[in-house]
Amino acid sequence: RSGVTDPGALLEQMNAVLLSTTRKLKMMTAVTGLLKPDGTMLLANAGHCYPAALRKGAGAVFLMREGSFPLGVRQRGKWPSMSIALEPGDRLLLYTDGIPEAIDRNGQQLDYERWHRIINEESAEEDTIGLISRLHQRLRDFTQPVRWGDDVTIAVVTRLERQKEKETA
């Protein structure tokens, strides 16, 4: 409603709201983004897992940046926006930290390195529901019979290919 279009500025406003409405120290991670019609995506991260860009036919690119801190930690925080070009057919994969922090029956954590390898192996799956299902199954295969101890959320944003306008004769 405030007209903010920069994801980093939105995180600053969210931080101010969080700090002004809670009595105790509360932290929250978040990723905000703005996808423009030309395929440019602006992203800002407040302590959340960094997403992966799944390039059509080229695998995953992990959008790592130096650490960012969660909302609610500092009064005057800055969360710089980064720009990513998404080509038609490219996807952005977002996920919660319950995935790399999941443990197996031996108490071993999945960890980011292994999770990134799984994402790379499954990135060729073009069907979004199929991709999410395969990633969930790989996580279940790793953790069984241990129940997930934290939230497990996967979201995919796809830049669709433009329909060519029909020419009229």
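Student: Among contacts in the protein between residues at least 6 apart in sequence, what percentage join residues at least 24 apart?

Tutor: The model is predicted, so local features need pLDDT of at least 70 and side-chain atom pairs count only at pLDDT 80 or more, whereas totals for chains, interfaces and linings use all residues. Residues are numbered from 1 along each chain as its sequence is written, and side-chain values use heavy atoms, with hydrogens and water left out. A contact means heavy atoms within 4.5 Å. Among contacts between residues at least 6 apart in sequence, the share joining residues at least 24 apart is 63%.

Student: What is the order of the strands in the open sheet of 4 strands?

Tutor: Two strands pair if DSSP finds at least two bridges between them. Strand S4 (59-62) and strand S7 (154-158) each have a single partner strand, so they stand at the edges and one side of each is left without a neighbour in the sheet. The pairing is antiparallel, and the order is S4-S3-S6-S7.

Student: Which residue of S7 stands opposite Leu94?

Tutor: Strand S6 (residues 91-95) and S7 run antiparallel and are joined by 5 bridges. In S7, the residue opposite Leu94 is Ala155.

Student: At about what angle does helix H3 run to S7?

Tutor: Axes are lines fitted to C-alpha atoms, for helices over the stretch in contact, and angles run from 0 to 180 degrees between N-to-C directions. Helix H3 (residues 128-143) lies across S3, S6 and S7. Its direction relative to S7 is about 155 degrees.

Student: How far apart are the closest N and O atoms in the salt bridge of Lys78 with Glu12?

Tutor: Side chains of opposite charge can pair when their charged atoms come close. A salt bridge is a side-chain nitrogen of Lys or Arg within 4 Å of a carboxyl oxygen of Asp or Glu. Lys78 counts as exposed because its relative accessibility is 60%, whereas Glu12, at 30%, counts as partly exposed. The closest N and O atoms of the two are 3.6 Å apart.

Student: Where in the chain do Lys78 and Glu12 lie, and how many residues apart are they?

Tutor: Lys78 is in the loop between S4 and strand S5 (82-85). Glu12 belongs to helix H1 (residues 7-21). The pair thus links distant parts of the chain, and the separation is 66 residues.

Student: Why are Arg117 and Glu113 separated by about one helical turn?

Tutor: The two side chains meet in a salt bridge (3.9 Å, N to O). Arg117 is partly exposed, with a relative accessible area of 42%, and Glu113 counts as exposed at 61%. The separation is about one helical turn because both residues lie in helix H2 and are apart by 4 residues.

Student: Which residues do salt bridges that share partners join into one network?

Tutor: Arg134 forms a salt bridge with Glu125, with the closest N and O atoms 3.5 Å apart. Salt bridges that share partners extend to one network, whose members are Glu121, Glu122, Glu125, Arg134 and Arg138.

Student: Is Asn15 buried or exposed, and which backbone nitrogen does its side chain reach?

Tutor: Asn15 is found in helix H1. Because its relative accessible area is 1%, Asn15 is buried. At 2.6 Å, the side chain of Asn15 reaches the backbone nitrogen of Gly72.

Key
Helix = DSSP H or I, 4+ residues; strand = E, 2+ residues; numbered from the N terminus. Buried < 20%, exposed > 50% of the residue type's maximum accessible area, 1.4 Å probe, protein only. Polar contact = N/O pair within 3.5 Å; in protein donor to acceptor, adjacent residues only side chain to side chain.
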